[in-house]
Amino acid sequence: MWFGLAAIALVGAGALLYIDHIQRQRVGRVRQIWAKAQGYTYTPLDPSLPSTWRRAALAKQDYLSAVDIVSGVRRGEQFFLFDLEETATIVAVRREIGSDVDIDLRLKSTPPPRDADLELLGGIGQRIMFATDLDIARRVCDQRMVTFTESLPPKLGMLWSEGMWTLGSLPVATSGREWDTAIDAVARLSGMLHVLPPASGPHGLAQEGHDPGRPRPRRAEDASAQTVRVPAQGEAFQGGDNHAHQVRDIGQGDSRVMPPPRYPAPERARQQRPQPPQPPAPRRLPPDDWTTHDVDPRR
């Protein structure tokens, strides 16, 4: 008897797995067709994609794989849409400039986040907001945010930000129209988060957002990374004219940069004033041609 019950349970489990497999294939085909119609890229599986994020619906879920992944650019915003196996459907939209301040916006019926650095900011409509910096997060809590939260679809249970990404989560059993609505809602929130200060890391303004109209500040390590070696007195340069200077690391010998020798400037030619023409000198006869005679005073 027990053997028969175990066999029935085994057959039932196999049937459920088969139905789930068929359902997953059907969802995959539907999403692939949707991605192709929109001009996006479809990828069946990526085990490492969920480890990119760590908050909200993706907290401690890096052991799960991303399946039925759609990626592309929608209205100028790069995005990912994928299923976290059978847990949730995730939408991620990338911002140009990230921030060190993260926020979490979820339904009041949803349990609070488990992140220790997220603090309760307050309620906005049917949603409740948490943030890593409450004073800065208040910048986005204006009338636009109130209108935004009132227009969110109920199935978009959680929205949150991590660095350069804004994310949202949906139930797995959703359709193409709901995917479009979720991507637009997450992208809209991503645009509102541009008021947050830029990150101080490699994705922030300090590294990528330099104003081309201003000179870059010269760092100490860049200024002392290379020095020019000037030969001592009486020592010739090595390598000819193309290798007149040798570069070496700082810390080997004298690290000072010696100025090139100064040579005296060539004297300017003095301008001579034009001289007036001189009358020709009187011709002098040789002594042999001289004639001595008396001069008649009457002449």
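The model is predicted, so local features require pLDDT of at least 70 and side-chain atom pairs count only at pLDDT 80 or more, while totals for chains, interfaces and linings use all residues. Residues are numbered from 1 along each chain as its sequence is written, and side-chain values use heavy atoms, with hydrogens and water left out.

**Salt bridges**

A salt bridge is defined as a side-chain nitrogen of Lys or Arg within 4 Å of a carboxyl oxygen of Asp or Glu. By this rule the count comes to 11 salt bridges.

| Residue | Partner | Closest N and O atoms |
|---|---|---|
| Arginine 31 | Aspartate 83 | 3.0 Å |
| Aspartate 117 | Arginine 55 | 2.7 Å |
| Arginine 74 | Aspartate 180 | 3.3 Å |

Helices (H or I, at least four residues) and strands (E, at least two) are DSSP runs, numbered from the N terminus. Burial follows relative accessible area: buried means under 20%, exposed over 50%, and partly exposed in between, with a 1.4 Å probe and protein chains only.

Arginine 31 forms a salt bridge with aspartate 83. This pair links distant parts of the chain, since arginine 31 belongs to helix H1 (residues 2-38) and aspartate 83 to strand E3 (residues 77-84), 52 residues apart. Arginine 31 counts as buried because its relative accessibility is 0%, and aspartate 83 is likewise buried at 0%.

Aspartate 117 lies in the loop between strand E5 (103-107) and strand E6 (119-124), and arginine 55 in the loop between strand E1 (41-46) and strand E2 (66-74), so the pair ties together parts that are 62 residues apart in sequence. Aspartate 117 is partly exposed, with a relative accessible area of 34%, whereas arginine 55 is buried at 3%.

Arginine 74 forms a salt bridge with aspartate 180. Arginine 74 in strand E2 and aspartate 180 in helix H4 (residues 176-192) are 106 residues apart, and the pair links these distant parts of the chain. Arginine 74 is buried, with a relative accessible area of 15%; aspartate 180 also counts as buried, at 18%. Elsewhere, salt bridges that share partners join Arg55, Asp102, Asp115 and Asp117 into one network.

**Strand E4 and its neighbours**

Strand E4 (residues 89-94) is mostly covered, with 5 of its 6 residues buried. Two strands are taken as paired if DSSP finds at least two bridges between them. E3 and E4 run antiparallel and are joined by 5 bridges; within this pairing, phenylalanine 79 stands opposite valine 93 in E4. The hairpin of E3 and E4 has 4 residues between the strands, and in it glutamate 85 takes a positive phi near 50°. E4 also runs antiparallel to strand E9 (residues 165-170), to which 6 bridges join it. Threonine 89 has leucine 170 in E9 as its bridge partner.

**Helix H4**

Buried residues of H4 include Trp179, Asp180, Ile183, Val186 and Leu189.

**Aromatic contacts**

Rings of Phe, Tyr and Trp (its six-membered ring) pair if their centres lie within 6.5 Å; planes under 30 degrees apart count as stacked, over 60 as edge-to-face and the rest as tilted. The structure holds 6 aromatic pairs. One of them, tyrosine 40 with phenylalanine 79, is edge-to-face, at 4.9 Å centre to centre and 80° between the planes. Tyrosine 40 lies in the loop between H1 and E1 and phenylalanine 79 in strand E3, 39 residues apart. Tyrosine 40 is buried at 13% relative accessibility, and phenylalanine 79 is buried with a relative accessible area of 1%.

Tryptophan 53 and phenylalanine 82 form a stacked pair, 6.0 Å centre to centre with 15° between the planes. Tryptophan 53, in the loop between E1 and E2, is 29 residues from phenylalanine 82 in strand E3. Tryptophan 53 is buried at 3% relative accessible area, and phenylalanine 82 is buried at 0%.

Ring pairs also link Trp34, Tyr40, Phe79 and Trp179 into a cluster. The charged end of arginine 31 sits over the ring of tryptophan 179, 4.3 Å from its centre; this term requires NZ of Lys or CZ of Arg within 6 Å of the ring centre and within 35 degrees of the ring normal.
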